[in-house]
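Thanks for coming. I will take a few minutes to walk through one structure.

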Amino acid sequence: MVKETLLEIKNLHVAIGNREVVKGVNLTLHKSDIMVLLGQNGSGKTSLIMSIMGFPSFKVTQGDILFKGKSIVDMPIDQRARLGIGVLFQRPPTVRGVKLRQLVNICSKDKNFDLDKNAQELAMTNFLDRDLNLGFSGGETKRSELLQVIAQDPEIVLLDEPESGVDLENIAIMGNIINDFLKSKGRAALIITHTGYILDYVDTDLGCVLAENMLHCTQNPRKIINDIRKYGYEKCLTCQKLNKS
Ligand SMILES: Nc1ncnc2c1ncn2[C@@H]1O[C@H](COP(=O)(O)OP(=O)(O)OP(=O)(O)O)[C@@H](O)[C@H]1O
Ligand SMILES: [Mg+2]
C-alpha cells in the first residue's frame with residue numbers, strides 16, 4: 001500500500017540574516033513515518049524545525065517545503081499549525097499571564113480531549129494553573145510541551161530533543177505516551193535526539209544525520225548512533241546514502 005506523502009522538503013536553503021543555517025536539505029515523510037534526526041550541536045537541526053514551522057527569522061532562500069503536496073513556505077505559523085504540523089520545542093519560551101490550561105484548551109481541536117486524564121498521565125495536573133513554563137524545571141517544561149502537542153493532535157509532530165533534561169522515569173513516561181500517540185493515530189514524526197534514549201520507547205528504522213547543514217545518510221538510527229560512537233560525526237560527511245540536491 002502506498003503511504004500518503006505528508007511532508008516534502010526539497011533542496012531547502014535557510015538563512016538567518018547573512019548566515020546560511022540549512023544548506024540544501026531533501027527530506028520526505030509519509031503518513032506514520034517516524035524519522036530520527038541526529039547531528040552535532042550547531043548542525044542546524046533546530047533551524048530545520050523552525051523553518052518547517054515558519055518562524056520569520058528563518059528565511060527560505062532556495063527550495064521548497066510542501067505539506068500534502070502544497071507549498072507552505074509563504075504560510076504563517078498559525079496556518080501551518082492548523083494544517084496539522086506540531087512542534088515540541090527544544091527551548092520553549094516562558095509566557096507570563098497565560099496558564100498552561102488556557103493554552104492546552106486553545107491547542108485542542110477535539111472537544112472531547114480529556115485534559116485531566118492527559119495531564120495526570122504526564123504528572124502535569126498541578127501545573128495547569130501556572131503561567132506557561134514560568135519556573136518549570138527542564139523536565140517539567142518538556143512534559144508541558146508534550147501535553148500541548150497531544151492536545152493539538154497534529155498529523156506530523158516535530159520533536160526537538162524530547163528527552164533532554166528529563167529524568168529516566170519521566171523519559172519512560174514521555175516515551176510511552178509519544179509512542180501511543182504516534183501509533184494509535186498513525187501520526188508521523190521527526191524526532192531529534194542526541195542520545196537515542198527515546199528509541200527504547202519509539203522504535204523506527206528511519207534515521208538520518210544532519211552534518212554541515214546537509215543531510216548525509218539514512219539508515220537505522222541505532223546503527224547510526226553506534227557508528228558515531230565508534231567513528232565520530234566526521235565519518236557521516238562521507239556517507240552518501242541520502243540523495244542530495
Ligand atoms: N537567531 C540566530 N542568529 C544567529 N545564528 C543562529 C540563530 N539561530 C541559530 N543560529 C546558528 O545556527 C546554527 C544552527 O543552530 P541550531 O540551533 O539549528 O543547531 P542544532 O543542530 O539544533 O544544535 P543543538 O544540538 O545544539 O541543539 C548554530 O551555529 C547557531 O548558532
Ligand atoms: Mg537544537
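This is a predicted model: local features need pLDDT of at least 70, side-chain atom pairs count only at pLDDT 80 or more; totals for chains, interfaces and linings use all residues.

The protein chain has seven helices and 12 strands. Its radius of gyration is 17 Å, close to the 18 Å that the globule rule gives for 245 residues, so the chain is as compact as a globular protein of that length. Along the principal axes, the C-alpha atoms fill a box of roughly 50 × 40 × 40 Å. Of the 245 residues, 38% are buried. As for contacts, take those between residues at least 6 apart in sequence: 71% of them join residues at least 24 apart.

Now the sheet. In what order do the strands of the open four-stranded sheet come? The order is β2-β1-β4-β5, and the pairing is antiparallel. The edges are β2 and β5, the latter being residues 70–71. Each of these two has a single partner strand, so one side of each is left without a neighbour in the sheet. In general, strands of a sheet pair through backbone hydrogen bonds, either parallel or antiparallel. Here, β1, residues 5–16, is joined to β2 by nine bridges, and the two run antiparallel. One position to look at is Leu7, whose bridge partner in β2 is Leu29.

Next, the helix on this sheet. Which strands does α1 lie across? They are β1, β2 and β4, with β4 covering residues 59–67. Relative to β2, α1 runs at about 70°. Is α1 mostly covered or mostly open? It is mostly covered, with seven of its nine residues buried. Those buried are Lys45, Ser47, Leu48, Ile49, Met50, Ser51 and Ile52. After α1 comes Gly54, which has a positive phi, near 95°.

That brings me to ligand 1. There are 13 residues around ligand 1, and the ones that come nearest are Asn41, Gly42, Lys45, Thr46 and Ser47. Which element gives the largest share of this shell? It is α1, with three residues. Both β2, residues 19–30, and α1, residues 45–53, supply at least two residues each. By class, the shell has nine polar, two charged and two nonpolar residues.

To put the pieces together: α1 lies across strands of the sheet, and α1 also supplies three residues to the shell around ligand 1. Lys45 and Ser47 are buried in α1, and both are among the residues that come nearest to ligand 1.

Note on methods. Residues are numbered from 1 along each chain as its sequence is written. Chains are lettered from A and ligands numbered from 1 in the order in which they are written. The radius of gyration is taken over C-alpha atoms; the globule rule is 2.2 Å times the number of residues to the power 0.38. A residue is buried if 20 or more other C-beta atoms lie within 10 Å of its own, exposed if 12 or fewer, and partly exposed in between; C-beta atoms are placed from the backbone. Two residues are in contact if their C-beta atoms, placed from the backbone, lie within 7 Å. A residue is near a molecule or strand if its C-beta atom, placed from the backbone, lies within 6 Å of it. Ala, Val, Leu, Ile, Met, Phe, Trp, Tyr, Cys and Pro count as nonpolar, Asp, Glu, Lys and Arg as charged, and the others, Gly among them, as polar. Two strands pair if DSSP finds at least two bridges between them. Axes are lines fitted to C-alpha atoms, for helices over the stretch in contact, and angles run from 0 to 180 degrees between N-to-C directions.
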